Amino acid sequence: MSDAIIKLHDFGVAYDQKTVLSGVNTSIRSGRITAIIGPSGCGKSTMLKAMNRMLETQKDAAVFGSVLLNGVDIHTMEAEQLRRKVGMVFQTPTPFPMSVYKNMTYAPQYYGVTGKQELSRIVRENLEVTGLWEEVKDDLNKSALKLSGGQQQRLCIARALTAQPEVLLLDEPCSALDVKSTQVIEELLLKLKETYTIVIVTHNLFQARRIADDCIFMLNGELWEQNTTEELFANPQKKETRDYLQGVYA
Amino acid sequence: MKLKTALVKLWAVASCCLTFGVIFFLFAYIFAKGAGAITWEFLTESPKGMIIGTEGGILPAIVGSAWYTGIACLFGATLGICTAVYQVYYCRSQRLSNAIALVMQCMAGVPSIVMGLFGYTLLVLTLGWGKCILAGGITQGVMILPFIQVRAEKALREVDQNLVRASYAMGMSRAYTVRRIVLPQCLPQLVSGVILGACYAMGACAPLIFTGAVIIAKVPKDLMKPAMALPYHLYMLLTQGTSSVNAYGTAFVMMIIVLVTNSLATWFAWRNKK
Ligand SMILES: Nc1ncnc2c1ncn2[C@@H]1O[C@H](COP(=O)(O)OP(=O)(O)OP(=O)(O)O)[C@@H](O)[C@H]1O
Ligand SMILES: [Mg+2]
């Protein structure tokens with residue numbers, strides 16, 4: 001596939017000598033939403049964290065094989081450079097304990113943006129994309145901790161966008177949210193895929209089906225099956241995939 | 001079984017009472033004996049009299065102690081907090097980290113008089129500074145360094161790692177993350193650690209004996225000159241049998257300073273917690 005933005009080659013991960021992910025070969029296509037599904041403990045988060053080398057922040061993790069971003073091995077890049085291009089949003093919202101505005105200027109300031117107008121523009125644009133602008137524009141100095149869970153998660157997405165990434169990794173971003181907030185975030189992701197490539201780990205098969213273009217099914221630390229979402233759900237090639245989709249593992 | 005519980009309870013309550021009793025008695029005794037010596041003159045004049053200290057006040061000692069403590073805090077806090085940041089956020093090798101912890105423990109265990117001797121040999125003699133405020137302050141700074149480091153390390157480790165990870169995940173460097181997320185998060189604990197260290201330094205006499213404190217000096221103006229210090233003044237007044245009233249007065253002033261700074265630390269930590 002020519003439009004692959006991330007490629008994994010014979011990729012594997014071991015924690016403390018214990019292999020939890022092995023022999024993974026896959027491509028993530030750009031401008032699409034790729035969902036990673038699979039039973040708990042099969043290595044979804046591990047694979048996601050490997051894509052922007054957040055795995056390195058865990059001392060005992062060892063990585064094998066290679067990950068390419070636009071054809072470049074990510075282990076030859078500076079971790080900071082890579083993470084700027086490949087942003088990440090976590091399961092529980094992680095708003096910084098400061099104002100909404102400061103959350104949004106945190107990364108731009110690091111990258112040397114100082115002009116007040118320029119900063120305000122970045123804050124506004126990214127909050128608008130996530131639909132948060134209307135809700136918080138009257139009080140940008142309000143503490144981000146005072147937002148609702150769904151708002152916090154959208155703030156985290158908006159904040160990740162301020163670093164101008166190409167790829168956005170999301171690890172079960174909706175699992176701590178109610179139905180309404182989940183829906184808002186799903187709509188947001190569908191909108192974002194025009195500009196960003198999105199990889200999302202989810203436990204929610206309906207969610208994968210609703211938003212994902214491609215789907216990766218993982219089992220026991222291996223990439224079991226991958227296809228377009230439509231094909232995978234309609235025509236699973238392997239028995240385990242079919243079982244999982246029918247809820248046997250859940 | 002019931003008896004055992006009751007006994008344990010009794011023992012706990014008794015220990016509590018004893019501790020509070022001792023502290024209360026200490027404060028009450030010093031306050032009762034020392035309050036009488038406190039006059040405007042006592043706080044704003046230099047020691048006077050045929051035998052120095054029988055008359056006059058303790059102003060040079062108060063100001064001197066402020067200088068010593070200030071330098072000690074500056075020195076101890078800078079090094080202590082930087083060490084802790086290095087240990088928690090930069091050091092990758094477990095061995096090095098353990099080594100740092102061991103060194104800090106050893107430093108914390110060095111008797112303060114030995115610290116004084118160290119300051120004397122290194123700063124006063126080898127570097128040729130002579131007895132002076134800077135030498136005394138730095139010696140005290142070395143003494144409170146592990147004290148501050150231990151507290152700073154604990155505070156740094158308690159910072160929510162999810163926030164730190166979120167910052168790294170946006171491509172922020174460790175330095176930026178520490179400056180913008182970590183340090184603001186544990187500022188209250190850091191400040192209260194430094195203030196407690198300040199109290200410890202202010203009350204310590206031993207490190208100053210060889211390095212800076214003198215029996216009599218004017219209100220200090222030069223860091224490279226020796227100065228009086230409250231604990232040393234108290235020590236002289238008592239050992240020379242000069243004036244026990246003024247000795248209690250000096251003790252009273254020290255206790256007040258400790259009380260006030262401690263309350264400030266508590267208040268600061270409490271205010272920031274809200
Ligand atoms: N820090 C760690 N040290 C050791 N083992 C770990 C560590 N993190 C994860 N593991 C193990 O690696 C395997 C994969 O974990 P991972 O978190 O990637 O699973 P997951 O698919 O994301 O599961 P879930 O759906 O529950 O989030 C699990 O067996 C887990 O026990
Ligand atoms: Mg997971």
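Predicted model: local features only at pLDDT ≥ 70, side-chain atom pairs only at ≥ 80, totals over all residues.
In chain B, the 21 positive and 7 negative charges have mean positions 14 Å apart.

Residues are numbered from 1 along each chain as its sequence is written, chains are lettered from A and ligands numbered from 1 in the order in which they are written, and side-chain values use heavy atoms, without hydrogens and water.

**Chain B as a whole**

- Chain B contains 11 helices and two strands; helices (H or I, at least four residues) and strands (E, at least two) are DSSP runs, numbered from the N terminus.
- Read from the N terminus, the order of elements in chain B is α-α-β-β-α-α-α-α-α-α-α-α-α.
- The C-alpha trace of chain B spans about 70 × 65 × 35 Å along its principal axes.
- Of the 274 residues in chain B, 44% are buried; buried means under 20% relative accessible area, exposed means over 50%, and partly exposed lies in between (1.4 Å probe, protein chains only).
- Among the contacts in chain B with a separation of 6 or more, 74% join residues 24 or more positions apart; a contact means heavy atoms within 4.5 Å.

**Surface of chain B**

- Chain B has an accessible surface of about 14500 Å², and carbon and sulfur atoms account for 72% of this area.
- Accessible areas come from the Shrake-Rupley method with a 1.4 Å probe, and for residues only the protein chains shown count as cover.
- Ile256(B), Leu259(B), Val260(B), Leu264(B), Trp267(B) and Trp270(B) make a nonpolar surface patch of about 570 Å².
- Patches are made of residues with over 30% relative accessible area and no salt bridge, with like charges joined within 9 Å and nonpolar side chains (Val, Leu, Ile, Met, Phe, Trp, Tyr) within 5 Å.
- Trp270(B), one of the patch residues, belongs to helix α11 of chain B, residues 244-273.

**Helix α3 of chain A**

- Helix α3 of chain A covers residues 100-110, and eight of its 11 residues are buried.
- The buried residues in α3(A) are Val100(A), Tyr101(A), Asn103(A), Met104(A), Thr105(A), Tyr106(A), Ala107(A) and Pro108(A).
- Their cover includes α4 (116-129), α5 (133-136) and α6 (149-161) of chain A, together with α7 (161-169) and α8 (174-203) of chain B.
- After α3(A) comes Gly112(A), which has a positive phi near 90°.

**Salt bridges**

- Over all chains, the structure holds 15 salt bridges; a salt bridge is a side-chain nitrogen of Lys or Arg within 4 Å of a carboxyl oxygen of Asp or Glu.
- Arg121(A) is bridged to Glu118(A), with the closest N and O atoms 3.0 Å apart.
- About one helical turn separates Arg121(A) and Glu118(A), because they are three residues apart in helix α4 of chain A.
- Arg121(A) also forms a salt bridge with Glu125(A), at 2.9 Å from N to O.
- Arg121(A) and Glu125(A) are four residues apart in helix α4 of chain A, so about one helical turn lies between them.
- Arg121(A) is partly exposed at 37% relative accessibility, as are Glu118(A) at 35% and Glu125(A) at 40%.
- In chain B, Glu45(B) and Lys48(B) form a salt bridge whose closest N and O atoms are 2.6 Å apart.
- Glu45(B) is partly exposed with a relative accessible area of 25%, and Lys48(B) is partly exposed with 40%.
- A network of salt bridges links Arg29(A), Arg32(A) and Asp214(A).

**Two individual residues**

- Arg210(A) lies in helix α8 of chain A, residues 205-211, and is partly exposed, with a relative accessible area of 49%.
- Leaving aside residues up to four places away in sequence, Arg210(A) touches Glu186(A) and Asn204(A).
- From C-alpha to C-alpha, Arg210(A) is 9.5 Å from Leu190(A), and the two are 20 residues apart in sequence.
- Gly70(B) lies in helix α3 of chain B, residues 59-90, and is partly exposed, with a relative accessible area of 38%.
- Gly70(B) and Gly141(B) are 71 residues apart in sequence, while their C-alpha atoms are 9.1 Å apart in space.

Notes. Lys, Arg positive; Asp, Glu negative; His and termini not counted. Charge placed at Lys NZ, Arg CZ, Asp CG, Glu CD.
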